[in-house]
Amino acid sequence: MGWSFKTAEELLAALNAGAVTSVELTDEAIARIERDDKVINAICVPDFDRARAAALRADQARSSGENRPLLGIPVTVKECYDVAGLPTTWGLPPHRDYLPAEDAVQVARLKAAGAVILGKTNVPLGLQDIQSFNEIYGTTTNPWDPDRTAGGSSGGSAAALAAGFGALSIGSDLAGSLRTPAHFCGVHAHKPTLGLTANRGMVAPTEPALPVDLDLAVVGPMARSARDLTLLLDVMAGPDPLTRGVAYELALPPARHERLGDFRVLVLDEHPLIATGAAVRAGVRRVADALVDGGARVERHSPLLPDLTEAATLYMQLLISGSVARFPLDTDEQLRTRVAGLSADDENLDAVRLRALLFSHRDWLAANHRREVHRHGWRRLFTEFDAVVCPITPTPAFPHDHHPNPMERRIAIDGVEYPYFDQFVWAGLATMPGLPATAIPAGRSPEGLPVGVQLIGPMFEDRTPLRLAELLEPATGGFRAPQQGAEAG
């Protein structure tokens, strides 16, 4: 029997029933990677010997009566997480030989839960793209179409899940890096509330693994089912034991509702700054129809919704200024000349991004204050609604575009071109205020490519969008294996 496309929940049931061993699951996953990953290139750092040893230990532990949350489940880890003994490069060539000495806190939690780590998954250079390619490890392709991207920056993890390379993966999200690859590859992902999951050890190579609070960025779970997302989030969630964990214990509230018919949902498919492609609009409509059929209250407009244009502007300001702080530019004077040449009334997102490259601390504080105003607006909205359904990006997976200057790339939406980074506005809708957002499959485009949507929920009420995702799964179809893997599903 093939196990590669079963959910982690199904695999745990089979392991507990004695129908399969972790060694068998691990050997099957490794065989599939060795067979199929030559084209997909999702697993950039295999760790098969240690995986087989961990699987054997998991089987021995289960036979001794142990029952940990992920005991014996094969998983993968995004390359940017420190794993002791494996390289952490972030795709940066100068650091191709860097080997961290300690596991990231989330890797340690996976191991403590009994997971079997198969290896690390590919990322873009410095995690700074919506595609996953770099000079060290090459290009990750989409399991549905090798000529298209798997997304980024957790593209390797999404491709691995879609191809049956392990049941779960962990990634990170700053600009949709969990949600976009899930959307492009037809799998599930959850961007947790900002601060819910400890990020220590998800750090650029050679930097110390400090327990710092990141702005905008989170670490989170990826899976082939909504229930598996919850299973993995329960392992990942909670404060760092070096900081808040000294005094605080996690107590996430339950989902607001257990029945689909009790949910109140705002559905969005139009943005003032960028078009929504027909395939994605159809995906949003499929989810909206499933909600209506399930008896949920569905609205298309609300005066409580924070202004989408200002939200996108704030997101770009915070994203770009923060990115420059982490990866300083050496063209400061040239940038100042370009910014000085902008018209005072030029407010398109290209101009927003250019100005943000030169943000002062005072500028950042002003943007952060406006963010708090938006957060309060979301609190008011979530007194009337339980979730917001909207796109993740305006299109399904696009063809590989490795133009060396991303600012000169374009994204085509139903034949009309837009600046490449403008497609981030939908992901930023949840990221800027730090809200949880669950990415779910929502059917296929006319070309057969996966289409996903996101379910945005109230801050620190992550179980609400996760439960809604679970309830929608039967109606929207959930995960389906790509053609090359369907025989094992």
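Two strands pair if DSSP finds at least two bridges between them. Helices (H or I, at least four residues) and strands (E, at least two) are DSSP runs, numbered from the N terminus.

## Basis of the model

This is a predicted model, in which local features need pLDDT of at least 70 and side-chain atom pairs count only at pLDDT 80 or more, while totals for chains, interfaces and linings use all residues. Residues are numbered from 1 along each chain as its sequence is written, and side-chain values use heavy atoms, with hydrogens and water left out.

## The sheet

Strands of a sheet pair through backbone hydrogen bonds, either parallel or antiparallel. Here 11 strands build an open sheet with mixed pairing. Their order is β1-β3-β2-β8-β10-β9-β16-β17-β13-β11-β12. The edges are β1 (43-46) and β12 (297-299). Each has a single partner strand, so one side of each lacks a neighbour in the sheet. On average, neighbouring strands are turned by 30 degrees against each other, direction ignored. For such angles, axes are lines fitted to C-alpha atoms (for helices over the stretch in contact), and the range is 0 to 180 degrees between N-to-C directions.

Strand β9 (residues 188-191) pairs with strand β16 (residues 437-444). The sense is antiparallel, over 3 bridges. Lys191 has Ala437 as its bridge partner in β16.

## Salt bridges

A salt bridge is a side-chain nitrogen of Lys or Arg within 4 Å of a carboxyl oxygen of Asp or Glu. The structure has 30 of them.

Arg227 bridges to Glu470, with the closest N and O atoms 2.9 Å apart. This pair links distant parts of the chain: Arg227 sits in helix α7 (residues 226-236) and Glu470 in helix α14 (residues 463-476), 243 residues apart. Arg227 is partly exposed at 41% relative accessibility, whereas Glu470 is buried at 18%. Arg256 and Glu461 also meet in a salt bridge (2.9 Å, N to O). Arg256 lies in the loop between α7 and β11 (264-267) and Glu461 in the loop between β17 (450-456) and α14, so the pair ties together parts 205 residues apart in sequence. Arg256 is partly exposed at 28% relative accessibility.

Within helix α12 (residues 361-384), Glu372 and Arg375 are 3 residues apart, separated by about one helical turn. They form a salt bridge, with the closest N and O atoms 2.6 Å apart. Arg375 is buried at 13% relative accessibility, while Glu372 is partly exposed at 33%. Salt bridges with shared partners join Glu9, Arg227, Glu258, Arg467 and Glu470 into one network.

## The second largest pocket

A pocket is an open set of points on a 1 Å grid over the protein atoms alone, where a 1.4 Å probe fits, with protein on both sides within 12 Å along at least five of seven lines; lining residues have an atom within 4 Å of a point. The second largest pocket has a volume of about 590 Å³, the space filled by probe spheres set on the points.

Its lining has 29 residues. Leu194, Gly195, Leu196, Arg244 and Phe460 lie nearest the centre of this pocket. The lining divides into 16 nonpolar, 6 polar and 7 charged residues. Ala, Val, Leu, Ile, Met, Phe, Trp, Tyr, Cys and Pro count as nonpolar, Asp, Glu, Lys and Arg as charged, and the others, Gly among them, as polar.

## A buried aspartate

Asp240 lies in the loop between α7 and β11. Asp240 is buried, at 6% relative accessible area. Asp240 and Gln106 are 9.7 Å apart in space, C-alpha to C-alpha, and 134 residues apart in sequence.

Note on methods
Buried < 20%, exposed > 50% of the residue type's maximum accessible area, 1.4 Å probe, protein only.
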